[in-house]
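Student: I have a new model open and would like to learn how to read it. Could you walk me through the features one at a time?

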Amino acid sequence: FTTDDFTYRKSIDFKNSNTWAIGGGFSNFIMHGDLRSIGTGNQGNFWNFGGYLYVDKMFNPLLGLEFKANYNKISGGAQYFSDIYEVLYVDGTQITNNLFFEGQAYGAQN
């Protein structure tokens, strides 16, 4: 097709346009720092799968409203640089072979 197939005009025909949108998706939350999700030595990898759903309503081409809800699993373990490695910003704490965390994150936005 060519651009001649399109009709250009200054107004939008709302009768022929969809003003609602519904969607969703999946995610994998990856931690990387003193505690991390991937490459944690003896503990293996932590897979933090989650997802989200959203609904959009457009009132005109510039103004709309969206609601989004999400859930993620959050977990990880220590990365090992040496036998004794201190956790930053937590005085007197040392990383050992059994240091890990697990949790969930819930959220919503409008």
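Tutor: Let us begin with the elements: helices (H or I, at least four residues) and strands (E, at least two) are DSSP runs, numbered from the N terminus. Here the order along the protein chain, starting at the N terminus, is β-β-β-β-β-β-β. The chain has seven strands and zero helices.

Student: What should I know about the model itself before I go on?

Tutor: It is a predicted model, in which local features need pLDDT of at least 70 and side-chain atom pairs count only at pLDDT 80 or more, while totals for chains, interfaces and linings use all residues. Residues are numbered from 1 along each chain as its sequence is written, and side-chain values use heavy atoms, with hydrogens and water left out.

Student: Which strand does S1 pair with, and how many bridges join them?

Tutor: The general idea is that two strands pair if DSSP finds at least two bridges between them. In this case strand S1 (residues 20-28) runs antiparallel to strand S3 (residues 49-58), and nine bridges join them.

Student: How do I read burial?

Tutor: Look at relative accessible area: buried means under 20%, exposed over 50%, and partly exposed in between (1.4 Å probe, protein chains only). Of the 110 residues in the protein chain, 18% are buried. Ser37, in the loop between S2 and S3, is buried because its relative accessible area is 0%. Asn42 lies in the loop between strand S2 (35-36) and S3, but Asn42 counts as exposed because its relative accessibility is 69%.

Student: Which residues make the nonpolar surface patch?

Tutor: Like charges are joined within 9 Å, and nonpolar side chains (Val, Leu, Ile, Met, Phe, Trp, Tyr) within 5 Å. The areas come from the Shrake-Rupley method with a 1.4 Å probe; for residues, only the protein chains shown count as cover. Here Phe59, Leu62, Leu63 and Leu65 make a nonpolar patch of about 480 Å². Leu63 is in the loop between S3 and S4.

Student: How are aromatic pairs described?

Tutor: A pair of aromatic rings is described by the distance of the centres and the angle of the planes. Rings of Phe, Tyr and Trp (its six-membered ring) pair if their centres lie within 6.5 Å; planes under 30 degrees apart count as stacked, over 60 as edge-to-face and the rest as tilted. The whole structure holds two aromatic pairs. Tyr52 and Tyr54 are stacked, because their ring centres are 6.5 Å apart and their planes are at 15°. Tyr52 is partly exposed at 29% relative accessibility, and Tyr54 is partly exposed at 24%.

Student: What are the distance and angle in the pair of Tyr71 and Tyr106?

Tutor: Tyr71 and Tyr106 form a tilted pair, with 5.3 Å from centre to centre and 45° between the planes. This pair links distant parts of the chain, since Tyr71 is in strand S4 and Tyr106, 35 residues apart from it, is in strand S7 (residues 100-109). Tyr71 counts as partly exposed at 33% relative accessibility, whereas Tyr106 counts as exposed at 66%.

Student: Which residue lies over the face of Tyr52?

Tutor: A charge sits over a ring if NZ of Lys or CZ of Arg is within 6 Å of the ring centre and within 35 degrees of the ring normal. Here Lys68 lies over the face of Tyr52, at 4.8 Å from the ring centre.

Student: Finally, how far apart in space are Gln109 and Phe67?

Tutor: Their C-alpha atoms are 5.9 Å apart, although Gln109 and Phe67 are 42 residues apart in sequence. Gln109 is in strand S7 and is partly exposed, with a relative accessible area of 45%.

How values were computed. Patches are made of residues with over 30% relative accessible area and no salt bridge: like charges are joined within 9 Å, nonpolar side chains (Val, Leu, Ile, Met, Phe, Trp, Tyr) within 5 Å. A salt bridge is a side-chain nitrogen of Lys or Arg within 4 Å of a carboxyl oxygen of Asp or Glu.
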